[in-house]
Amino acid sequence: MKRRLDGRALVLAIASGLAMALALPLAIPWISLRELDPAGHLEWIAWVALVPALLALDRARSLRAALGLGLVAGLAYFYAAIWWVNHAMTSFGGVPFAGALAALSLLVLYMAVHWALALGAAWLVRDRLGWPLALHLPPIWVATEWLRNVLFSGFPWANLGYTQARHLPVAQLAAVLGVYGIAALVVLVNAAVHAVVRARLDRAPFPRRTVAAAALAVAATLAYGYPHLAATRARMAAAPRLRVGLVQGNIDQSVKNHRLENADFILGRFVPLTLEAERRGADLVAWPEATYPWSVPPRLRSFADAPGMPRLQRAHLLVGASTWQASRDAKARRGDGIASNSVFLLSPALDVLGRYAKHHLVPFGEYVPDWLPLVREVVPVIGKQVPGGELAVLSFPAPAATPTPTATPTATATATPTATAAATTTTTSDPDLVSLAPLICFDAIFPEITRAFAREAPEPEILLNPTNDAWYGYSSGPYQFLAIVRLRAIESGKAVARPAFSGVTAVILPTGEVAPGALPVGPVDPDLAPDPDEPPRLLLAEVPRLRGQTLYTRFGDLFAAGASAFAIAATGAALLRRRRLQGN
């Protein structure tokens, strides 16, 4: 009797997970403090990385064994992909190393379970119904990734679609099917390659239909992707633009953790470059998430009297700040209150034109789920953090028209990159009003938030992603987050201006391209930083203002829902087939 999990199958499963992790953006401190493969050449690995796991699945003799192999492959993938979470908890939350490692392991286990569900369900459907993997594994995989997006608050990091963020013709599929469509395509190609390898090993006929289906899907994707890129760039070239200044403070997390004691230092990193951005013609200057060191009332009407704020002449200012208000609960203790992670849009006179509170809070970082009341928060906060309610599009009067570019632009960190846009159903803009959709930090990892913004009024023209990536340290985290935001730009057909506390600060074009001049990470770790006193930096960019919806923002996750319905039906049919056989 064969063992449920033989050694060769385990090795194949582990190799598959590690190989897939290579397709994500990588930055490994003991090799380099910067991204190892910024061009994305390793993304090609994703098209074959699942093949070893599928060969291991062929060796499984039971559903339990199939689930175990999927779990092992998922553990290898997510440990390799998100190891930096351990650093985030120790540096950002002050959690002891042992506790952080335990928390990381629980998170990885939770994420790996979804790989186990995908491969287990695929084994069951193939075993009971005899369907080829290429038919049912892609929709099953989409169903499990979609589940991870919503279950227990959701953590859709490292979805397979993000492995193709830098392969632009393929990534344009997100404008139609979202990130889940790209994941389905990647899994389909892996299943086709596995079918070829399996046929060769078994000396069976070449799987012509499976290969033809995968080839047709890839060809259709490219046939859409290349013209979409061209049309997008043409639309962006004709779009009105907003000159934006993004300030990166380059402050390591240990300083930010004691923001009140370091308030003057923090503002001293941001205010001079804000004035410089205005002097150089910026219409909007954006600060990262929670930059302003003091908490303010949520209904504050003006920052004119707030300590340390710059005095502007014409530029509008987006300020990340925490809000706090005393609790109205009569039983509350003195000092209790409610906090939010917000951004304020300010006029040149520093009057508040609008506020947006972060919509999706980070569990255990910004709040403790109600069903775990005894678990303390990882990140100390001044009170109970609450998420924002309704989405709030921020707007201000448009500046005087800027010349329309006639050629593909270039930029440096302090020059002007012109964005090139993604295809949308329309590209007209209201010349009298600039409308912004803020996505604070983790808001940007949930595509449903971006879609919801697309239906708001006034319709957003530009997405803003103020964030604090210092807590990732020198790791893959900031670059993986950037890849996620690249897909949000493609899905929405809008440019994303991304001020990060210590990088990566960038303008992402609606094609998914990062405009030249992005500011790299650092310094975020005094033990590793080559220059811990690196000065703050400024990115000036001309960002296109586009309106209109892509097919994805118009129809949402219809593809993911359909794939999930198919996956449930197929798995249910496989289970019923087993019961009927047992009944006979």
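Predicted model: local features only at pLDDT ≥ 70, side-chain atom pairs only at ≥ 80, totals over all residues.

User: What makes the contact between them, and which kinds of residues does it hold?

Analyst: Contact means heavy atoms within 4.5 Å. Among the residues that make this contact are Trp115 and Leu119 of α5 and Ile140 and Trp141 of α6. The contact of α5 with α6 divides into 14 nonpolar, three polar and two charged residues.

User: Why is strand β13 said to be largely enclosed by the rest of the structure?

Analyst: Buried means under 20% relative accessible area. Seven of the eight residues of β13 (residues 537-544) are buried, so the strand is largely enclosed. β13 also pairs with strand β1 (residues 241-248) in the antiparallel sense, over eight bridges; there, valine 244 has alanine 541 in β13 as its bridge partner.

User: What makes β8 and β12 edge strands?

Analyst: Five strands form an open sheet in the order β8-β9-β10-β11-β12, with mixed pairing. β8 (394-397) and β12 (506-508) each pair on one side only, and they are the edge strands.

User: How do you know that β9 and β10 count as paired?

Analyst: Pairing needs at least two bridges, and strand β9 (residues 433-438) pairs with strand β10 (residues 462-464) over three bridges, in the parallel sense. In one of them, proline 438 has leucine 464 of β10 as its bridge partner.

Terms used. Residues numbered from 1 in each chain as written. Heavy atoms only, no water. Helix = DSSP H or I, 4+ residues; strand = E, 2+ residues; numbered from the N terminus. Buried < 20%, exposed > 50% of the residue type's maximum accessible area, 1.4 Å probe, protein only. Nonpolar A, V, L, I, M, F, W, Y, C, P; charged D, E, K, R; others polar.
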